[in-house]
Amino acid sequence: MTQLLEKAFKEASKLPEIEQNVLAKWLIAELESEGKWERMFAESEDVLEKLADEALTEHTQGKTKPLDIDKL
């Protein structure tokens, strides 16, 4: 465990029990969410590569234009 995480847990341990539980639930949800995103991106690697190839092909063929932020 890093020193920073250890310090955070030490500070969190000073909170009332209900606030510790809220913090713990939030942290667990964040970690699970991060894992979910990592799995989704790993599973979509082929799709993302295909989309990138299509975008590069369209750009090479002159089918793209610069983004004009004023027109958004």
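1. Of the 72 residues of the protein, 3% count as buried, where buried means under 20% relative accessible area, exposed means over 50%, and partly exposed lies in between, with a 1.4 Å probe and protein chains only as cover. This is a predicted model, in which local features need pLDDT of at least 70 and side-chain atom pairs count only at pLDDT 80 or more, while totals for chains, interfaces and linings use all residues. Residues are numbered from 1 along each chain as its sequence is written, and side-chain values use heavy atoms, with hydrogens and water left out.

2. On overall form, the protein has 3 helices and 0 strands, helices being DSSP runs of H or I with at least four residues and strands runs of E with at least two, numbered from the N terminus. The radius of gyration is 22 Å, well over the 11 Å that the globule rule gives for 72 residues, so the protein is more spread out than a compact globule; the radius is taken over C-alpha atoms, and the rule is 2.2 Å times the number of residues to the power 0.38. Along its principal axes the C-alpha trace spans about 60 × 35 × 25 Å.

3. The protein exposes about 7200 Å², of which carbon and sulfur atoms supply 60%, the areas coming from the Shrake-Rupley method with a 1.4 Å probe.

4. A nonpolar surface patch is formed by W37, M40, F41, V47, L48 and L51, which together have about 590 Å² of accessible area. Patches take residues with over 30% relative accessible area and no salt bridge, joining like charges within 9 Å and nonpolar side chains (Val, Leu, Ile, Met, Phe, Trp, Tyr) within 5 Å. Helices α2 (17-43) and α3 each supply at least two residues of this nonpolar patch. L48 lies in α3 and counts as partly exposed because its relative accessibility is 42%.

5. A search of the whole structure finds 1 salt bridge, defined as a side-chain nitrogen of Lys or Arg within 4 Å of a carboxyl oxygen of Asp or Glu. The side chains of E11 and K14 meet in a salt bridge at 3.2 Å, N to O. E11 is partly exposed at 40% relative accessible area, whereas K14 counts as exposed at 58% relative accessibility.
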